[in-house]
Amino acid sequence: GVRRGTAPPPGPFAIVYLDFHDDGRAAGFADALVPYLANLRSLEHVRMAGGVIPVSASNLRALANGKCADRLESLQTGCPLTDEALDELKRFPRLHTVRFRAGSADDAVLERLAELRALKCLELGPFDRPRATRKGWAAVAALKLGYVWIDRADTDTAMIFEELTRSGGPK
């Protein structure tokens, strides 16, 4: 990889993976960055500070309209898990790994995760005001994901764990 203060490789090269650290938490960081990411036709993986950099549904729309949309496989951002975000993420046919800020996710939005056809790895959290019940978490378990990461679900942790580990849940 190319690190801060080092020169890029000589000649043509493809950017496949970008990992932004905590230096991107400034307001407007994603708004400024997304137009450039969208034009990287080789881009497959984007990790934004482990999912803490705020990304909006309109940022996702810009990526989905960009050259990277057909290749993007992993998107770990601070995007809230909302109907609008899911509508945009469905436009990435190869997207198998996503990270959302779960905020106040409810059963309906958890059930809609099934619309992400290639989804194999799901990261959710933190939960500001958890509203999902066993019904929503049973829908997540039914996705047959290979990996689920839950961050700071507070009082709902035991119920979530129970639903996800029922027969047929994630490996």
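Reader: What should I keep in mind about the model and its numbering?

Author: The model is predicted, so local features need pLDDT of at least 70 and side-chain atom pairs count only at pLDDT 80 or more, while totals for chains, interfaces and linings use all residues. Residues are numbered from 1 along each chain as its sequence is written, and side-chain values use heavy atoms, with hydrogens and water left out.

Reader: In what order do the six strands of the sheet lie?

Author: Strands of a sheet pair through backbone hydrogen bonds, either parallel or antiparallel. Here pairing takes at least two DSSP bridges between two strands; helices (H or I, at least four residues) and strands (E, at least two) are DSSP runs, numbered from the N terminus. The six strands form an open sheet in the order 1-2-3-4-5-6, with parallel pairing. Strand 1 (17-20) and strand 6 (147-150) are the edges, each pairing on one side only. From one strand to the next, the twist averages 15°.

Reader: How many bridges join strand 4 to strand 5?

Author: Four bridges link strand 4 (residues 97-101) with strand 5 (residues 121-124). Look at F100: its bridge partner in strand 5 is L124.

Reader: Which residues of helix 5 are buried?

Author: Buried means under 20% relative accessible area, exposed over 50%, and partly exposed in between (1.4 Å probe, protein chains only). In helix 5 (residues 134-141), the buried residues are G136, W137, A139, V140 and A141. Their cover includes helix 4 (107-112), strand 5, strand 6 and helix 6 (157-164), where contact means heavy atoms within 4.5 Å.

Reader: How do the axes of helix 5 and helix 6 cross?

Author: Axes are lines fitted to C-alpha atoms, for helices over the stretch in contact, and angles run from 0 to 180 degrees between N-to-C directions. Angles under 35 degrees count as roughly parallel, over 145 as roughly antiparallel, 65 to 115 as roughly perpendicular and the rest as oblique. These two axes come within 8 Å and cross at roughly 40°, so helix 5 and helix 6 are oblique to each other. R134, W137, A138, V140 and A141 of helix 5 meet M159, I160, E162, E163 and L164 of helix 6.

Reader: What is the phi of K144?

Author: Most residues other than glycine have a negative phi. K144, however, has a positive phi, near 60°. This residue is found in the loop between helix 5 and strand 6, and K144 counts as exposed because its relative accessibility is 53%.
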